[in-house]
Amino acid sequence: MISARDQSDPMVGGNGNGDLVSAFGGRTPPHDMNAEQALLGAILSQNSVLADLPKLRISDFHFSTHRDVFQAVIDLVQNGIPADIVSVCDRLRSKNSIADH
């Protein structure tokens, strides 16, 4: 099981990568869309992967959509709900993070 993420933590709450940007002297830190997508895909296919990533934080994701997906996964798993593509999309819709098409 993963540990709870504290929403008051500026690396978790807030608007994203501000702390990382300041850690890189005002420059955008390295990021890779494919790597972020692969990590989220692995987590969605096997939620137990999260136990091997105890230091992974929302702010580790450069892209806001990936941060939203990761937050939805964390919310679901912490509430004992398996995080898969359907449950994550439902969670994002309930938070108005994605549009119904």
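Let's start at one residue, L92: leaving out residues up to four places away in sequence, L92 touches D68, V69, A72, S97 and I98, where a contact means heavy atoms within 4.5 Å. This is a predicted model, in which local features need pLDDT of at least 70 and side-chain atom pairs count only at pLDDT 80 or more, while totals for chains, interfaces and linings use all residues. Residues are numbered from 1 along each chain as its sequence is written, and side-chain values use heavy atoms, with hydrogens and water left out.

L92 sits in helix 4. Helices (H or I, at least four residues) and strands (E, at least two) are DSSP runs, numbered from the N terminus. Is L92 buried or exposed? With a relative accessibility of 8%, L92 counts as buried, since buried means under 20% relative accessible area, exposed over 50% and partly exposed in between, for a 1.4 Å probe and protein chains only. From C-alpha to C-alpha, L92 is 9.3 Å from Q71, although 21 residues separate the two in sequence.

Now step back to the whole chain. Its secondary structure comes to four helices and zero strands, giving the pattern α-α-α-α along the sequence. Of the 101 residues in the chain, 32% are buried. If you take the contacts between residues at least 6 apart in sequence, 57% of them join residues at least 24 apart.

What lies inside? The largest nonpolar core has 16 residues, and those with the most contacts inside it are I43, L50, V69, F70, V73, A83 and V88. Such a core is a set of buried Ala, Val, Leu, Ile, Met, Phe, Trp, Tyr and Cys residues joined through side-chain atoms within 4.5 Å. At least two residues of this core come from each of helix 2 (33-45), helix 3 (64-78) and helix 4 (85-94). Helix 3 gives the largest share, seven residues. In soluble globular proteins, nonpolar side chains tend to be buried together.

Next, the helix packing. Helix 3 and helix 4 pack at an angle of about 105°, and their axes are 9 Å apart; axes are lines fitted to C-alpha atoms, for helices over the stretch in contact, and angles run from 0 to 180 degrees between N-to-C directions. The two helices are therefore roughly perpendicular to each other, a label for angles of 65 to 115 degrees, with under 35 counting as roughly parallel, over 145 as roughly antiparallel and the rest as oblique. On the helix 3 side the contact is made by D68, V69, A72, V73, D75 and L76, and on the helix 4 side by S87, V88, R91 and L92. These residues divide into six nonpolar, one polar and three charged. Here Ala, Val, Leu, Ile, Met, Phe, Trp, Tyr, Cys and Pro count as nonpolar, Asp, Glu, Lys and Arg as charged, and the others, Gly among them, as polar.

How do helix 2 and helix 3 cross? Their axes come within 11 Å and cross at roughly 15°, which makes helix 2 roughly parallel to helix 3. M33, E36, Q37, L40, I43 and L44 of helix 2 make this contact with H66, V69, F70 and V73 of helix 3. The residues here divide into seven nonpolar, two polar and one charged.

Two last stops remain. G41 lies in helix 2 and is partly exposed, with a relative accessible area of 35%. S48 is found in the loop between helix 2 and helix 3 and is partly exposed at 45% relative accessible area.
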